[in-house]
Protein chains: 2
Amino acid sequence: MSITLYDLCGQDDRRFSPFCWRTKYALAHKGLAFETVPVSFSAIKTIGDGSFKTVPVIEDNGTWVGDSWEIAKYLDKAYPDTPALFPNPEVEALCHFVETWQFSNVLRQAFPAYVHDIYLHVKEEDRTYFKESREKQLGGTKLESLVEAREEKLPGLRSALFPLRMTLGNQRWLSGDTPGYADYLILGTFLWLGSVATLPVLEKDDPLLVWLEKGRDLYNGLGRTSPCNEIAA
Amino acid sequence: MSITLYDLCGQDDRRFSPFCWRTKYALAHKGLAFETVPVSFSAIKTIGDGSFKTVPVIEDNGTWVGDSWEIAKYLDKAYPDTPALFPNPEVEALCHFVETWQFSNVLRQAFPAYVHDIYLHVKEEDRTYFKESREKQLGGTKLESLVEAREEKLPGLRSALFPLRMTLGNQRWLSGDTPGYADYLILGTFLWLGSVATLPVLEKDDPLLVWLEKGRDLYNGLGRTSPCNEIAA
């Protein structure tokens, strides 16, 4: 029986959650069959026993697991004969550093520039919730006001990607010769941005695009299974 | 027979090279006995057959190896029965990301603020070489001029350490429950700064200090075997 993944979904079946993306890559890395159930923010409370506050959530033959890290660890434990996401504790520990780096230097930097784009792409039923919760998170700033002059944020965001660009100049994947969870973490962030961006994130000659396009091709084009806007221009 | 490490040395036997520090930690991690030979910049050309341009260089029973990464890989290969620095290729690949991060966000940011301090602490015979080569590297900027207003660079440097601080808020070492090469990479950078800094790098309530002091304690206080100025104030 295949695993069910509850996958955050916007308009036009856009799957935009960076955390759901990494779980899809994690499942594919392990060669596990899965089906996705699209859910809006508003529908998260209807998943399973109603206790989940965020996605991804998976259901595996009666076992329910939420949170992308917990899911990755569950999958390694439940399917020890498939390729490991964390072949040893040191890999997991170092992936946590990659995660905090991408969170502070990529996701958090990109958020103000792209939060209005997410708003434009969430399902109708999520709009009020999304706007109110994110404006509160942003200390009362109106999402519309963040669109103005957001181009000015791009050079900083692009330059923050330097360590990623430099590492990938010397090795095929962040995880080495073959892709691993560290790659999936960051691919998820780019697919999140790509799924909503009305302003391309990268310049079209950015060497990161080689890695990004290879990443989208992985696992029969997993990273192309949802509508995506231009990532580079 | 113990391994010989050629270790960059300034005045008062200060060992300030971040790259030599990581090699000392790598040797200690593997439980290998070693002796250091202090060398000035000017004396690097006298090591071994004279072909080395940088330190660290080790000599292990007739085998000469230079470059901290090459030395780490050599040690894993030559001493497979001691604790691995890179237990699998994914750990090595992820350490390269940690290295590029620390290079671009820590070492490169700190360099202009501390290069004059290095100059003050190099051996007399290295002074002219050091000043001329670094001023050339800096496009002609005089080292003395970088001291003015360097306090203004500290908030940016401290805030660039956020991913490290956040990761170490959730796990004992960067490499997990026990220290590993990723920790040694960054410890080396702090020991480099500490060995010369006339302006403390960190604030004294920085939670990073817990990790840093634990790191200096490792291997019978390896990180306290050379004169060190105040790292925090």
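How many residues of domain 1 of chain A are in contact with residues of domain 2 of chain A, and how many of domain 2 are involved? In this predicted model, 23 residues of domain 1 of chain A meet 35 residues of domain 2 of chain A, where contact means heavy atoms within 4.5 Å. The model is predicted, so local features need pLDDT of at least 70 and side-chain atom pairs count only at pLDDT 80 or more, while totals for chains, interfaces and linings use all residues. Residues are numbered from 1 along each chain as its sequence is written, chains are lettered from A and ligands numbered from 1 in the order in which they are written, and side-chain values use heavy atoms, with hydrogens and water left out.

**View 1. The two domains of chain A and the area between them.** Chain A is divided into domain 1, residues 3-78, and domain 2, residues 89-223, with bounds that come from an automatic or database domain assignment. The centres of the two domains, taken over C-alpha atoms, are 19 Å apart. Together the domains bury about 2500 Å², 66% of it on carbon and sulfur atoms; buried area is the accessible area (1.4 Å probe) that two parts lose on being put together, summed over both. Arg22(A), Tyr25(A) and Trp69(A) supply 31% of the area that domain 1 of chain A buries against domain 2 of chain A, more than any other three residues.

View 2. Two salt bridges are found across the interface of domain 1 and domain 2 of chain A, a salt bridge being a side-chain nitrogen of Lys or Arg within 4 Å of a carboxyl oxygen of Asp or Glu. The side chains of Arg22(A) and Glu99(A) form a salt bridge, with N to O at 3.0 Å. Between the two domains of chain A, 13 residue pairs are in polar contact, both residues at pLDDT 80 or more; a polar contact is a pair of N or O atoms within 3.5 Å, and within protein one must be able to donate a hydrogen and the other to accept it, while residues adjacent in sequence count only if both atoms are side-chain atoms. On the side of domain 1 of chain A that touches domain 2 of chain A, the elements that give two or more residues are α1 (18-29) and α2 (68-78) of chain A, and α1(A) contributes the largest share, nine residues. Helices (H or I, at least four residues) and strands (E, at least two) are DSSP runs, numbered from the N terminus.

**View 3. Helix α4 of chain A.** Within helix α4 (residues 127-137) of chain A, Phe130(A), Lys131(A), Ser133(A), Arg134(A) and Glu135(A) are buried, where buried means under 20% relative accessible area, exposed over 50%, and partly exposed in between (1.4 Å probe, protein chains only). The cover over the buried residues of α4(A) includes α3 (89-121) of chain A. Just after α4(A), Gly139(A) takes a positive phi of about 70°.

**View 4. Salt bridges within chain B.** Over all chains the count comes to 31 salt bridges. In one of them Asp7(B) pairs with Lys24(B), the closest N and O atoms being 2.8 Å apart. Asp7(B) lies in strand β1 (residues 3-8) of chain B and Lys24(B) in helix α1 (residues 18-29) of chain B, so the pair ties together parts that are 17 residues apart in sequence. Asp7(B) counts as buried at 1% relative accessibility, and Lys24(B) counts as buried at 4%. Arg14(B) forms a salt bridge with Asp12(B), with closest N and O atoms 3.6 Å apart; here Arg14(B) is buried, with a relative accessible area of 10%, whereas Asp12(B) is exposed, with 55%.

**View 5. The interface of chain A and chain B.** In contact across this interface are 30 residues of chain A and 29 residues of chain B, and the area buried between the chains is about 2300 Å², of which carbon and sulfur atoms give 71%. Between chain A and chain B the count is zero salt bridges, and six residue pairs are in polar contact, both residues at pLDDT 80 or more. The side of chain A that touches chain B receives two or more residues each from α3, α6 (162-168) and α7 (181-196) of chain A, with α3(A) giving the most, 15 residues.
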